Amino acid sequence: MNCGCPRGASLQTIPVHDCPESMGQVQKLIFQRIYKSGDELNSIADPTKLASWTPLLTASDGTKAVITPFISEPTAEPGEARTYGGGNATVGGVEIILGTNPTAFTAKILRSPQDTIKAMKELMCEDVGVYLVDGHGNIGCIKKSTSGGSPTTAYYPIPVQSVFVSDKGLGGFEAPDSNNISFSFLPGWSDDFAIVTPSDFNPLRDLVAAAE
């Protein structure tokens, strides 16, 4: 846990909003390297516009983004608290909260040709982040204000670690063939999470893999 000292003069104000926030079912993933080159982060100024994505899907450098086929059975299990103590180890037997475990994301890709899966396995060797696309076409990402003479807002892929893409599972008589995909969001991953709604395209339909 990153609890700064000394403490502020008062508790931080908690913003309360009138409208709820919730993503629908995640149906596609967009992967991009965290860094375009050196220590320069990949970001998008306006992810609501198709014109912002087209150059990324067709790029041949570190800015390139790749979109997956549809995924099924997506789950994101929030990390539990990391604790120390209990019993005689701590005062009153009360555990000390040390931090948060990673959030595990898992899904399946059904009936996919394996050349697609073979290409996706290359992500296991990359330092990547992910944009989440839900069934309504909304995009989940990281939103931050950039510093400088004129502060602006930019949108970033959500950093992930331990990307894993499995070999084919044979479904047999009662299920389709499938491949598993999983990765971990780092603790605190959702602190700057934002959901944006595209204005002139649907990423489920209009974002397609670049032709090789």
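A nonpolar core is a set of buried Ala, Val, Leu, Ile, Met, Phe, Trp, Tyr and Cys residues joined through side-chain atoms within 4.5 Å; buried denotes under 20% relative accessible area, exposed over 50% and partly exposed in between, with a 1.4 Å probe and protein chains only. The model is predicted, with local features requiring pLDDT of at least 70 and side-chain atom pairs pLDDT 80 or more, whereas totals for chains, interfaces and linings use all residues. Residues are numbered from 1 along each chain as its sequence is written, and side-chain values use heavy atoms, without hydrogens or water.

**View A. The largest nonpolar core contains 24 residues.** Leu29, Phe31, Phe105, Val130, Leu132, Phe183 and Phe185 touch the most other members. Two or more residues each are given by strands E1 (26–33), E8, E9, E11 (152–156), E12 (158–165) and E13, and by helix H2 (114–121). E12 provides the largest share, four residues. Helices (H or I, at least four residues) and strands (E, at least two) are DSSP runs numbered from the N terminus.

**View B. Trp53 and Tyr131 form an edge-to-face aromatic pair.** Rings of Phe, Tyr and Trp (its six-membered ring) pair if their centres lie within 6.5 Å; planes under 30 degrees apart count as stacked, over 60 as edge-to-face and the rest as tilted. Here the centres are 5.0 Å apart, with 80° between the planes. Because Trp53 belongs to helix H1 (residues 50–57) and Tyr131 to strand E9 (residues 128–134), the pair ties together parts 78 residues apart in sequence. Trp53 is buried at 0% relative accessibility, and Tyr131 is likewise buried at 0%.

**View C. Phe105 and Phe183 form a stacked pair.** Their ring centres are 4.8 Å apart and their planes lie at 5°, so the pair counts as stacked. Ring pairs join Phe31, Phe105, Phe183, Phe185, Trp189 and Phe193 into a cluster, and the structure holds seven aromatic pairs.

**View D. The charged end of Lys28 sits over the ring of Phe70.** The distance to the ring centre is 4.6 Å. The criterion is NZ of Lys or CZ of Arg within 6 Å of the ring centre and within 35 degrees of the ring normal.
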